Amino acid sequence: MGWQAEYDQLRREIAEYSPDLAAKPHCVVFTKMDLLGEEYAPPIDAPGAFGLFAISAAAREGLDALTAAWWTELLRLKQSVRPEDVTLSLP
């Protein structure tokens with residue numbers, strides 16, 4: 001199975017499990033790139049993903065770009081939340 005087919009299958013399974021979960025922000029991360037001998041994320045069509053990343057934790061490659069993208073996405077989400085939309089539930 002190719003990268004695109006894997007991604008499409010995972011997104012279908014997530015949507016079937018929970019449409020709410022499928023609607024949450026996501027990115028695509030290709031790991032263990034040092035074992036594959038690649039330094040780039042294979043091109044796939046990932047609509048709605050805020051990024052495609054290739055990382056190697058062992059070689060410490062690609063991690064800075066991934067964490068920077070997550071921080072940027074978290075900041076964007078934080079700025080989009082209105083105080084009136086937040087509800088507190090106490091135990």
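The model is predicted. The chain contains four helices and two strands, and its elements follow the order α-α-β-α-β-α from the N terminus. Of its 91 residues, 22% are buried. Among contacts between residues at least 6 apart in sequence, 36% join residues at least 24 apart.

**Strands**

- Strand β1 spans residues 26-30, and four of its five residues are buried.
- Strand β2 covers residues 49-54 and pairs with β1 in the parallel sense, over four bridges.
- Within this pairing, Val29 stands opposite Phe53 of β2.
- In a regular strand, side chains alternate between the two faces of the sheet.
- His26 belongs to β1.
- His26 has a relative accessible area of 12%, under the 20% cut-off, and therefore counts as buried.
- Leaving out residues up to four places away in sequence, His26 touches Tyr7, Arg11, Pro47, Gly48, Ala49 and Phe50.

**Nonpolar cores**

- The largest nonpolar core has seven residues: Tyr7, Val28, Phe30, Met33, Ile44, Ala46 and Ala54.
- Another core, of six residues, lies apart from the largest one; Cys27, Phe53, Ile55 and Leu63 are among its members.
- Ala46, a member of the largest core, touches Tyr7, Val28 and Leu52 when residues up to four places away in sequence are not counted.
- In soluble globular proteins, nonpolar side chains tend to be buried together.

**Largest pocket**

- The largest pocket holds about 350 Å³ of space.
- Its lining is made up of 18 residues, and those nearest the centre of the pocket are Tyr7, Leu10, Cys27, Val28 and Val29.
- The elements that contribute two or more residues to this lining are α1 (3-17), β1 and α3 (33-36).
- Helix α1 supplies the largest share of the lining, with six residues.
- Sorted by class, the lining has 13 nonpolar, two polar and three charged residues.
- Tyr7 and Val28, both listed among the lining residues nearest the pocket centre, are also members of the largest nonpolar core.
- Cys27, likewise listed among the residues nearest the pocket centre, belongs to the six-residue core.

**Arg60 and its backbone**

- Arg60 sits in the loop between β2 and α4.
- Although Arg60 is not a glycine, its phi is positive, at about 55°.
- Most residues other than glycine have a negative phi.
- Arg60 is exposed because its relative accessible area, 65%, is over 50%.

**Residues brought together from separate parts of the chain**

- Gly2 lies in the segment before α1, and its relative accessibility of 40% makes it partly exposed.
- Gly2 and Ile44 are 42 residues apart along the chain, with 9.7 Å between their C-alpha atoms.
- Ile44 is one of the residues of the largest nonpolar core.
- Ala23 is placed in the loop between α2 (19-22) and β1, and is exposed, with a relative accessible area of 65%.
- From Ala23 to Gly48 the C-alpha distance is 8.7 Å, while the separation in sequence is 25 residues.
- Gly48 is also one of the residues touched by His26.
- Asp34 is part of helix α3.
- At 40% relative accessibility, Asp34 lies between the 20% and 50% cut-offs and so counts as partly exposed.
- Asp34 is in contact with Ser56 and Ala58, leaving aside neighbours within four places in sequence.
- The C-alpha atoms of Asp34 and Ser56 are 5.8 Å apart, and the two residues are 22 apart in sequence.
- Thr72 is located in helix α4, which runs over residues 63-80.
- With a relative accessible area of 54%, Thr72 is exposed.
- A C-alpha distance of 9.8 Å separates Thr72 from Phe50, and these residues are 22 apart along the chain.
- Phe50 is another of the residues in contact with His26.

Key:
Residues numbered from 1 in each chain as written. Predicted model: local features only at pLDDT ≥ 70, side-chain atom pairs only at ≥ 80, totals over all residues. Heavy atoms only, no water. Buried < 20%, exposed > 50% of the residue type's maximum accessible area, 1.4 Å probe, protein only. Pairing = 2+ DSSP bridges. Contact = heavy atoms within 4.5 Å. Core = buried A, V, L, I, M, F, W, Y, C linked by side-chain atoms within 4.5 Å. 1 Å grid on protein atoms, 1.4 Å probe; cavity = no way out; pocket = protein on both sides within 12 Å on 5 of 7 lines; lining within 4 Å. Points joined across faces, edges and corners; volume = space filled by probe spheres on them. Nonpolar A, V, L, I, M, F, W, Y, C, P; charged D, E, K, R; others polar.
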